[in-house]
Amino acid sequence: MDTEGWLADTRTSYDTVATSYADEVRDLLDQTPCERAALTLFADLVRTTGGGPVADLGCGPGRITAYLCGLGVDAFGMDLSPAMIEAARRDHPGLRFEVGSMTDLDLADASVAGLVAWYSLIHVPDDEIGSVFAHFRRALRPGGPLLLGFHVGDESRLKMQGYGGHPMKVYVHRRQPGQMAAWLNDAGFTVEAQMTLSSAESTLGGILFARRRPAVR
Ligand SMILES: C[S@@+](CC[C@H](N)C(=O)[O-])C[C@H]1O[C@@H](n2cnc3c(N)ncnc32)[C@H](O)[C@@H]1O
């Protein structure tokens, strides 16, 4: 499928489920201590590299953006789905959320101190990950931390309904942490830590910390 095809299907799917998705995940971090610890470590890494704006890409209804803001991070959210952004603004008035796609990232070069993509790369096909990571690298300050959350596995599945039984049409791509790390390395990131876990968020989830390598002269 071409880029416009999967983006349109993903946008329509998340527009359809935005309200029920927001209801389902609103308090999920309360049940996921390892995920909270990863976000806390990420907030520390942002702070120790000088602080600054942090982009939560594929933010959905904004729970991760809000959690990071609660830790003192200057986070803002971006999502493909306008209905998700509406839900995020409704749930977290006062925080910044914008519609946008990580496939055509509208952020200036080296403009963010950190990047998070929390269970949002799961919809990006393998052959577009390199281009998405190139956008991440361009937008991130040298030395800036990147945090990824994703489903671990080898298969891709077409999800036709979800979050209260609403119709959806999205591919969910599971990946091995080693594959993600190799793609990151190729894109100019140094992978610093990986963990796999089982939680209310994912039966087998992967969390990966990386850092933008300085430009090679
Ligand atoms: C499973 S949800 C995760 C939402 C949020 N990160 C969370 O953990 O609650 C996946 C999100 O990724 C967004 N998404 C998918 N492809 C995207 C893209 N190319 N650019 C930006 N957001 C995207 C979807 O609209 C959806 O809100």
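Reply: Buried means under 20% relative accessible area, exposed over 50%, and partly exposed in between, using a 1.4 Å probe on protein chains only. Helices (H or I, at least four residues) and strands (E, at least two) are DSSP runs, numbered from the N terminus. This is a predicted model, so local features need pLDDT of at least 70 and side-chain atom pairs count only at pLDDT 80 or more, while totals for chains, interfaces and linings use all residues. Residues are numbered from 1 along each chain as its sequence is written, and side-chain values use heavy atoms, with hydrogens and water left out.

Me: Zooming out, how many helices and strands are in the protein chain?

Reply: Six helices and nine strands. Along the principal axes, the C-alpha atoms fill a box of roughly 50 × 35 × 35 Å.

Me: What share of the residues is buried?

Reply: Buried residues are 53% of the 217 in the protein chain. Look at sequence distance too: of the contacts with a separation of 6 or more, 67% are between residues 24 or more positions apart.

Me: How do I check a helix like H2? What span should its residues give?

Reply: The expected span of a helix is 1.5 Å times one less than its number of residues. H2 (residues 33-48) has 16 residues and should span 22 Å; its end C-alpha atoms are 22 Å apart, which agrees.

Me: And which residues of H2 are buried?

Reply: Glu35, Ala38, Leu39, Phe42, Ala43, Leu45 and Val46. Viewed down the axis of H2, the buried residues fall within an arc of 160°, so they line one face of the helix. That arc is the one made by the directions from the helix axis to the C-beta atoms. The buried residues of H2 pack against several elements, among them strand S1 (53-57), helix H3 (63-70), strand S5 (145-151) and strand S9 (205-212).

Me: What about the nonpolar core: how many residues does the largest one have?

Reply: A nonpolar core is a set of buried Ala, Val, Leu, Ile, Met, Phe, Trp, Tyr and Cys residues joined through side-chain atoms within 4.5 Å. The largest here has 54 residues, and Leu121, Phe133, Phe136, Leu146 and Leu148 have the most contacts inside it. H2 gives the most to this core, with six residues. Apart from it lies another core of nine residues, including Val17, Ala18, Tyr21 and Val170.

Me: Which residues does Leu146 touch, beyond its neighbours within four places in sequence?

Reply: Its partners include Phe42, Leu115, Phe136, Leu184 and Phe209.

Me: Now the loops. Is Thr49 buried or partly exposed?

Reply: Thr49 has 27% relative accessibility, so it counts as partly exposed. It lies in the loop between H2 and S1. Neighbours within four places in sequence aside, Thr49 is in contact with Arg141, Gly143, Pro145 and Arg211. Thr49 and Arg141 are 92 residues apart along the chain, with their C-alpha atoms separated by 9.8 Å. Also just after H2, Gly50 takes a positive phi of about 110°.

Me: Where is Val73 placed?

Reply: Val73 is in the loop between H3 and S2, and at 8% relative accessibility it counts as buried. Leaving aside neighbours within four places in sequence, Val73 is in contact with Ala43, Val54 and Leu68.

Me: What phi does Tyr119 have?

Reply: A positive one of about 55°, although Tyr119 is not a glycine. Tyr119 lies in the loop between S4 and helix H5 (126-139), and counts as buried at 10% relative accessibility. Tyr163 isn't a glycine either, and has a positive phi of about 50°; you'll find Tyr163 in the loop between strand S6 (156-162) and strand S7 (166-173).

Key:
Contact = heavy atoms within 4.5 Å.
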